[in-house]
Amino acid sequence: MSSSSARSRRVESAAATPLLLIVLCTAHFMDAIDLSDVTVALPAVQRDLGLSTGSLTWIVSAYLLGYGGFLLLGGRASDVLGRRRVFLAAVAVFAVVSVAATLAPNAGVLIAARGIKGIAAGFLAPAALSLITSIWTEPQERGRAIGVFATAGAAGFVGGLVLGGLVTELSWRLAFALPLPFAIAVLTLAPRLLPRPTARPKREPLDVPGAVLVTLGFSAVVVWLTEAPALGWGDPRSVTFLVTGCAALCAFTIRQGLARVPLLPLSSLTRRVTIATSITIATVWAAYTGFAFLATLGMQGTLGWSPLQAGLAFVPIGIVNGVLAPAMGRLAGRIGAGRVVVVGVVLLTASYALFLRMGPDATFIGVLLPVMVVNGLGLACTFAPLNLAALEAADPARHGLASAVLSTAQQIGGAVGLALVTAVAGASMTASNTVVATLVVVVLSLCGVAGAALLLRRHAA
């Protein structure tokens, strides 16, 4: 090890304080809140701004497209330009655009602000996670730190549903402002706590054409998955989105084979760990997204609960996951991620099977609480170990990209899961359709066991 590398390790180790971990997790919490808090505010936004259902959908879709489309570029930029620099810049943009969304006078400004915020999140997420892996270097402590990071994301997602419901009672604009105080706190503390790099990042060109192609491809495929159930799978517009997405992704693949410094080296996609973690997180998140959709509609439609009551029903997931995820991350660092992930995916599958008991006579204590508790256990055993496995298998200089690949697989999985469940459940959400849609969720979760088994084989080897 060179003297500069050793000095960098000492600086990063000295920076590994609980307060710094809290700051990095706060940024992730802020990002996760923005994924869910807007959902409960949408009816109020529609009434106030007079939006059509299509325009309303784009308030959510614009964020998801910006986020998923720019993850690979964001991850690579953090490796090339410096993780500290990219992290701080992304949080700053997030804060500014939160103000713009809060004050938006019309749908166009609001949708544009959401899209830019999604792009900022695409740079923020991989930069934050790669900072953790570069600062906490001892395996068990790294696993614990990643566990805490995963907990912050889960807590933010659930907290967004609850806080969004609360503030929307006053004004829907406050839901869009929820991330702002967290961003200000991070921007105040992070510059003082984050270690400055002792050496300049290796200057390499960013593959901008590749980034454009993968963003176009990902966005078109997600739009196809989102819109096709309503338009019809054979509708010319649906087919156009699909063909455009596939063509752009094929062009991206060719570009990566020809580029001097590719955005995503194709060799990385042939590694067993990359394949295993990507399959697992895609199928697990597809199942969870479908479950959350069915559970939210079921609680409000079948049981007649308010949006706030439905959001509160998810709180046990956040509590159980928050308590156990750090320990599961540390356990994965000690005994191997594969064993922990297999247990986690089995628990998730069991929770979705328990949800088959949902019906007009369901009660929170008798039906929903067991589902949420077992689901929280499964999430605690799954996400932190998956992140740990993906990052430990990657070159430390490419941790930002490795994180982005995993997050991209997660976003694609979520879009696929939601599209499948929406198509099966249908607009009427009858009892029989809901059962079939829940069985789709169970099958998706079972597919995650196959990916986890690949990790298990690696550990055994």
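Modeller: We will go from the whole chain to single residues.

Modeller: This is a predicted model, so local features need pLDDT of at least 70, side-chain atom pairs count only at pLDDT 80 or more, and totals for chains, interfaces and linings use all residues. Residues are numbered from 1 along each chain as its sequence is written, and side-chain values use heavy atoms, with hydrogens and water left out.

Biologist: How many helices and strands are there in the chain?

Modeller: Helices (H or I, at least four residues) and strands (E, at least two) are DSSP runs, numbered from the N terminus. Here the chain has 17 helices and zero strands.

Biologist: What percentage of the residues is buried?

Modeller: Buried means under 20% relative accessible area, exposed means over 50%, and partly exposed lies in between (1.4 Å probe, protein chains only). Of the 461 residues in the chain, 54% are buried.

Biologist: And contacts along the chain?

Modeller: Contact means heavy atoms within 4.5 Å. Take the contacts between residues at least 6 apart in sequence: 84% of them join residues at least 24 apart.

Biologist: How many disulfides does the structure hold?

Modeller: A disulfide is a covalent bond between the sulfur atoms of two cysteines. The test is a pair of cysteine sulfur atoms within 2.5 Å. This structure holds zero disulfides. C25 has a relative accessible area of 6%, so C25 is buried. C381 is buried too, at 9%.

Biologist: Let us take one residue. Where is T102?

Modeller: T102 is in helix α4, which covers residues 83–102.

Biologist: Is T102 buried or exposed?

Modeller: T102 is buried, because its relative accessibility is 14%.

Biologist: Which backbone atoms does the T102 side chain reach?

Modeller: A polar contact is a pair of N or O atoms within 3.5 Å; within protein, one must be able to donate a hydrogen and the other to accept it, and residues adjacent in sequence count only if both atoms are side-chain atoms. A polar atom of the T102 side chain lies 2.7 Å from the backbone oxygen of S98. The T102 side chain also reaches the backbone nitrogen of A177, at 3.4 Å. Set aside neighbours within four places in sequence, and T102 is in contact with R173, F176 and A177.

Biologist: What about L103?

Modeller: L103 is in the loop between α4 and α5 (107–135). L103 counts as exposed because its relative accessibility is 62%. L103 and F176 are 73 residues apart in sequence, yet 9.0 Å apart in space, C-alpha to C-alpha.

Biologist: How many cavities of 30 Å³ or more does a search of the whole structure find?

Modeller: On a 1 Å grid over the protein atoms alone, a cavity is a set of points where a 1.4 Å probe fits but cannot get out; lining residues have an atom within 4 Å of a point. Grid points are joined across faces, edges and corners, and a volume is the space filled by probe spheres set on the points. The search finds one cavity of 30 Å³ or more. The volume of the largest cavity is about 30 Å³.

Biologist: Which residues line the largest cavity?

Modeller: W58, S61, L65, V222, V223, T226 and E227 line it. Helices α3 (53–81) and α9 (208–231) each supply at least two lining residues. The largest share, four residues, comes from α9.

Biologist: How does that lining split by class?

Modeller: Ala, Val, Leu, Ile, Met, Phe, Trp, Tyr, Cys and Pro count as nonpolar, Asp, Glu, Lys and Arg as charged, and the others, Gly among them, as polar. The lining has four nonpolar, two polar and one charged residues.

Biologist: Last, helix α10. Which residues does S238 touch?

Modeller: S238 is found in α10. S238 is buried, since its relative accessible area is 1%. Not counting residues up to four places away in sequence, S238 touches W224, A228, L231, G232 and W233. A247 also lies in α10, residues 236–258. A247 is partly exposed, at 45% relative accessibility.

Terms used. On a 1 Å grid over the protein atoms alone, a cavity is a set of points where a 1.4 Å probe fits but cannot get out, and a pocket is an open set with protein on both sides within 12 Å along at least five of seven lines; lining residues have an atom within 4 Å of a point.
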